[in-house]
Amino acid sequence: MVTTGDSQPTKHQEVGHKSLLQSDALYQYILETSVYPREPQAMKELREVTAKHPWNLMTTSADEGQFLNLLLKLINAKNTMEIGVYTGYSLLSTALALPEDGKILALDINRENYEIGLPIIEKAGVAHKIDFREGPALPLLDQMVEDVEFHGSFDFIFVDADKDNYLNYHKRLIDLVKIGGVIGYDNTLWNGSLVAPPDAPLRKYVRYYRDFVLELNKALAVDPRVEICQLPVGDGITLCRRIS
């Protein structure tokens, strides 16, 4: 923890803050120095529109959006999937990173939220890369797993959806991502609640999903099919590179 000039600690006031950094000032420094100046105009516009939505805490943070965009370029991703779209901030970040003929299979149960960001995505000239499917992801994933044509066909998959199904997603996605490809699971540090004492004043949804996130982290840590790296970006993201 850092302190201000009057020796008072500077930290986030609630568990749901998107950054895990204890210092708001340091997080703001990162955003203003390295993130916002390089943020594409379309992403800025979508971020500002999303901020007005009552569920805005669901969105990917700007620093994580920047991270995903660079990661996709580093691994030369072309065919990707996103489970959990919301208004499409991370989706737009992905679409901007992919080559002109890149593709994103985007899955979400709520098309209405996606359509909030769709005009901005269209204006950015990348809507043609997105195949949006409304509905639960698991039935579609089961169909894809049954078709060997989809096995190993994805370069990158980003999951930011219902935490109680993360392990169910992993059981299926491991067949769909190529060897050498990457799966990114968002919120794997879950508001910092994973190390909170039992009597910590957590929000109901944070407490409810906490055990599912803990279970996922334990499973990924011992999964011999992947190499992993858990990063304190945004609300925590775990990258899994398939090796077998």
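User: Helices (H or I, at least four residues) and strands (E, at least two) are DSSP runs, numbered from the N terminus. With that settled, where is Met81 found?

Analyst: Met81 is found in strand E3, residues 79–83. Before going on, note that this is a predicted model: local features need pLDDT of at least 70, side-chain atom pairs count only at pLDDT 80 or more, and totals for chains, interfaces and linings use all residues. Residues are numbered from 1 along each chain as its sequence is written, and side-chain values use heavy atoms, with hydrogens and water left out.

User: Fine. Is Met81 buried or exposed?

Analyst: Buried, with a relative accessible area of 1%. Buried means under 20% relative accessible area, exposed means over 50%, and partly exposed is in between (1.4 Å probe, protein chains only).

User: What does Met81 touch?

Analyst: Contact means heavy atoms within 4.5 Å. Leaving out residues up to four places away in sequence, Met81 touches Leu105, Leu107, Leu141, Met144, Phe154, Phe156, Ile157, Phe158, Leu173 and Leu176.

User: And how far from Met81 is Ile109?

Analyst: Their C-alpha atoms are separated by 15 Å. Along the chain the two are 28 residues apart.

User: Switching to charges. How many salt bridges are there?

Analyst: The count comes to 10. A salt bridge is a side-chain nitrogen of Lys or Arg within 4 Å of a carboxyl oxygen of Asp or Glu. One of them joins Glu45 and Lys123, at 2.9 Å from N to O.

User: Which helices does that pair involve?

Analyst: Glu45 lies in helix H2 (residues 41–50) and Lys123 in helix H5 (residues 111–123), so the bridge ties together parts that are 78 residues apart in sequence. Glu45 is partly exposed at 25% relative accessible area. Lys123 counts as exposed, at 59%.

User: What about Glu115, who is the partner there?

Analyst: Arg111, with the closest N and O atoms 2.9 Å apart. Both residues sit in helix H5, 4 residues apart, and are separated by about one helical turn. Glu115 is partly exposed at 41% relative accessibility. Arg111 is partly exposed too, with a relative accessible area of 29%.

User: Now Asp160 and Lys163. Buried or exposed?

Analyst: Both are buried. Their side chains meet in a salt bridge at 3.2 Å, N to O.

User: Which residue makes a polar contact with the side chain of Lys163?

Analyst: Asn187, through its own side chain, at 2.6 Å. A polar contact is a pair of N or O atoms within 3.5 Å; within protein, one must be able to donate a hydrogen and the other to accept it, and residues adjacent in sequence count only if both atoms are side-chain atoms.

User: Where does Asn187 lie?

Analyst: In the loop between strand E7 (177–186) and helix H8 (204–221). Asn187 counts as buried, at 5% relative accessibility.

User: OK, cysteines. How many disulfides?

Analyst: The count comes to 0. Cys229 is in no disulfide, and the nearest cysteine sulfur, that of Cys240, is 9.9 Å away. A disulfide is a pair of cysteine sulfur atoms within 2.5 Å, and the Cys240 sulfur is too far from the one in Cys229 for a bond.

User: Are those two buried or exposed?

Analyst: Cys229 counts as partly exposed, at 37% relative accessibility. Cys240 is buried, with a relative accessible area of 1%.

User: Helix packing next. At what angle do H2 and H4 pack?

Analyst: About 175°, with the axes 10 Å apart; H4 covers residues 89–97. That makes H2 roughly antiparallel to H4. Ala42, Met43, Leu46 and Arg47 of H2 make the contact with Tyr89, Leu92, Ser93 and Leu96 of H4.

User: How are those axes and angles defined?

Analyst: Axes are lines fitted to C-alpha atoms, for helices over the stretch in contact, and angles run from 0 to 180 degrees between N-to-C directions. Angles under 35 degrees count as roughly parallel, over 145 as roughly antiparallel, 65 to 115 as roughly perpendicular and the rest as oblique.

User: And what is the angle between H7 and H8?

Analyst: About 30°, with the axes 9 Å apart; H7 spans residues 166–176. That makes H7 roughly parallel to H8. On the H7 side the contact is made by Tyr166, Leu167 and His170, and on the H8 side by Glu215, Leu216, Ala219 and Leu220.

User: Last one. What does Ser244 touch?

Analyst: Ile179, Pro224 and Arg225, not counting residues up to four places away in sequence. Ser244 is found in the segment after strand E9 (237–242), and counts as partly exposed at 41% relative accessibility.
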